[in-house]
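My notes follow in the order I took them.

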Amino acid sequence: MGTIQKINRRDFVKLFGLTSTGIILGCNISSDKKEFIPTSDENSFSPNVFIQIQKNGNITLMASRSEMGQGIRTSLASAIADEMEADWKYITVKQAIGHEKYGNQNTDGSRSVRTILEPMRKMGATAKMMLIAAAAQKWNISDKDCKAENHFIINQKTSEKIFFGDLIEIATKMPIPAENSLKLKKVEDFKYIGKTLKSVDLKDFTHGTAKYGMDIRIPNMKFAAIARCPVTFGTVKSFNCSDAEKISGVEKVIQLDRIVPPIGQFFGALGGVAVIANNTWAAFQGKLSLEIEWNYGENHSFDSQKFSEILTQRVHETDKLVPGSKGNVSKAFSEADKTIEATYQVPFLVHTPMEVPNATAWFQGNKVEVWAPVQDPQTARAEIAHFFEIPLENITVNVTFLGGGFGRKSKSDFVVEAVALSKKINAPVQVIWTREDDVKHSFYHATSMQYLKGSINKKGQVSGWLQRVALPSIVSSFKPLSDYASGFELNQGFTNNPYDIENFRLENVKAEAHLRIGWMRSVVHIHSGFANNSFVDELAFAAQKNPVDFQLELIGKDRMIQGKSDFPYDSKRMKKVLENTAKISDFKRKRPENHGIGVAVHYSFYSYVATAVEVSVINGNLKVEQVWTTIDCGLVLNKDNVINQLEGAAIFGISLALFGKITAKEGAVEQYNFFDYQMTRMKDAPKISVEIIEAMNEPATGVGEPGVPVMAPAICNAIFNATGKRIRTLPIMDFGLS
């Protein structure tokens, strides 16, 4: 767990001392994700705050990560409150603006809890020690004779107690405790951590009062809809807007040039023709009335079906050897009792968060203010600074609630569009994508083609494993001509394959990008989880063994699995989640006629997840009947939140497995909306059971994404169990099942 972050003594700082209402504590966290930087006294007056204690006892905790339904605002606040011994009823959570003083705010990769839990706990412990020191001074006793409990400091000799709010005048004069003097609570003493805590935002979510990006309103703001070239990176040749300008409410039609990112993780904007109106409907209607002639560019010839055929051919030919390969697979295959070959395909996918991309921007002189549902406000600021030559300190990005993100809203192209238009029209403007814009112009999850060949010896054991993968790389969005999967993509379940096989060979195959490629919830683990678990199920069938027993045997002896990955993991913990899932699903029980059960296990984002799925297939109608999932995510911050994340991941994974498919013809994406890119409906949602393996003394790991990669293979293996029909290409709906 080398990337679990540490914090130094000088990271803590009293920012304002005593204010008119209370004391504020801050912590500076570096933006490079790897180490914390000290905060100098010169920075003490910057609003670098995470904790504010008021005289009335109210405590405001700052949420530096974006809330998109994953419960991060509640989770991190509960960690601070637990270490402070604060009473939860006094806690309020406030969303931080995008700024480096809050550390890295990129909310992706299931990393929030695992990377800043410890700093947040230390923040709470620091506040508690300062309050204890204040009480001890007031009583003229030793700190050791005081303890914090439920928003009071208690004199353990006399049982006297002082309310937190009554100590802040003295506490602000206390020295900041050294980091090595901080004593974090033991697991058995946790008050909130590891328990079930209701979301601080539940009332706003359920009463419709939560503010999302599209809820933002500014006096005199305009609304914009943008027509973008159907072919990725195509440009405007000419346009006629006479019909659009006749629509009531339409005020202006302007061309928006493509904004090209520099080298680095910037996303730019596609450009197009923007209709500016005084209401959203007029902007949308105006866009539909435009007559535009496009320069389609070099991607016009792209055809996803032909591309699949090319990748299929390539993965059947030798290509780049991936480090970590070992033994002699050719010899293993020649000496095998049986050999099995299969090719697996995942199509292009798109995120389709329920709230489409949108942003409101106001460009005034040399300052820019943005309100947007973004996962990475700091990158948005950096992009604005670069593209519009605005000093970073003059840019404010206010983060609203996100109506779903799944990785789409970590790319701030829609923010750049809004800023560019605001500058052009000299007014605040809100850019709203339609669902069709979202489906047709996204950063897509890459398609992948994988060829696998395995051998089984006379003992029914796997003796050789060959795997080739071809997928357009995410790196292509930052660095053109990146035609091979990058190391960080291969490390997501490909190079750190869990199976203990003597003869093992991996190859990386060329695959160009013709669409914008981006990360989506679980990223390349979707490919690895599908191919590996499907193929193992095929090997188990060939060996005439139960799939669970076969997987456990294949994972092998207890050991740390390193591969060429930064994600080493413990095979013992992996086997444990698999064993538990087999138990709670009663995996070996004979299912009713036309029913089948399948299983998959995968390690991702430092967490171990195993899922079993029962399906029924009757007269061509597929129904996912029930899902059983077990997760080991180390220290659990909020049990309810973990269960919610696994339930959501199951529904997300079912949607991708059954329906997810983006295709392109003549360079243009063919899908439009939910009628041809479906989601799992409420009526089709199965019963989902989640169990959490107790591992509270292990570091906290990812929760948001690890439940996704197991869904497609578990469903496909269940279909095979029910029907004998093997599905190797997603989505499942393409195989005569409805």
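I started with Ile390, which sits in the loop between helix H9 (377-388) and strand S18 (395-399). My helices (H or I, at least four residues) and strands (E, at least two) are DSSP runs, numbered from the N terminus. The model is predicted, so I held local features to pLDDT of at least 70 and side-chain atom pairs to pLDDT 80 or more, while totals for chains, interfaces and linings use all residues. Residues are numbered from 1 along each chain as its sequence is written, and side-chain values use heavy atoms, with hydrogens and water left out.

Is Ile390 buried or exposed? Ile390 is buried, because its relative accessible area is 5%. (I call a residue buried under 20% relative accessible area, exposed over 50%, and partly exposed in between, with a 1.4 Å probe and protein chains only.) I then listed its contacts, meaning heavy atoms within 4.5 Å. Leaving aside neighbours within four places in sequence, Ile390 touches Phe363, Asn366, Val368, Ile384, Ala385 and Ile395. I also checked Ile390 against Ser473: 83 residues apart in sequence, and 31 Å apart C-alpha to C-alpha.

Next I took Ala77, in helix H1 (residues 72-84). Ala77 counts as buried because its relative accessibility is 4%. Ala77 and Ala127 are 50 residues apart along the chain, and their C-alpha atoms are separated by 14 Å.

Lys198 came next, in the loop between helix H3 (168-171) and helix H4 (202-207). Lys198 is exposed, since its relative accessible area is 61%. Which distance separates the C-alpha atoms of Lys198 and Asn638? I found 9.0 Å, for residues 440 apart along the chain.

**Aromatic rings**

I searched the whole structure for aromatic pairs and got 23. Rings of Phe, Tyr and Trp (its six-membered ring) pair if their centres lie within 6.5 Å; planes under 30 degrees apart are stacked, over 60 edge-to-face, and the rest tilted. Trp465 and Phe535 make an edge-to-face pair, at 5.3 Å centre to centre and 80° between the planes. This pair links distant parts of the chain: Trp465 is in strand S21 (residues 462-470) and Phe535 in helix H13 (residues 525-542), 70 residues apart. Trp465 counts as buried, because its relative accessibility is 0%. Phe535 is buried too, at 0% relative accessibility.

Tyr569 and Tyr603 form a stacked pair, 3.9 Å centre to centre with 15° between the planes. Tyr569 lies in strand S24 (residues 569-570) and Tyr603 in strand S25 (residues 595-604), so this pair ties together parts 34 residues apart in sequence. Tyr569 is buried at 2% relative accessibility. Tyr603 is buried, with a relative accessible area of 2%.

I noted one aromatic cluster formed by Phe267, Phe443, Phe478 and Trp519.

I then looked for charges over rings (NZ of Lys or CZ of Arg within 6 Å of the ring centre and within 35 degrees of the ring normal). The charged end of Lys161 sits over the ring of Phe152, 4.6 Å from its centre. Arg228 has its charged end over the ring of Trp433, 4.0 Å from the centre.

**Helix packing**

I went back to H13 and took its contact with helix H14 (residues 547-555): the axes come within 9 Å and cross at roughly 110°. That makes H13 roughly perpendicular to H14. Axes are lines fitted to C-alpha atoms, for helices over the stretch in contact, and angles run from 0 to 180 degrees between N-to-C directions. Under 35 degrees is roughly parallel, over 145 roughly antiparallel, 65 to 115 roughly perpendicular, and the rest oblique.

Which residues meet? Asn533, Val536, Asp537, Leu539 and Ala540 in H13 meet Pro547, Phe550, Gln551 and Leu554 in H14. By class, this contact of H13 with H14 has six nonpolar, two polar and one charged residues. (Ala, Val, Leu, Ile, Met, Phe, Trp, Tyr, Cys and Pro count as nonpolar, Asp, Glu, Lys and Arg as charged, and the others, Gly among them, as polar.)

**Backbone**

Most residues other than glycine have a negative phi, and most peptide bonds are trans. Asn140 has a positive phi near 60°, in the loop between helix H2 (112-139) and strand S6 (146-149). Asn426 has a positive phi of about 55°. A cis peptide bond joins Leu730 and Pro731, with omega about 5°.
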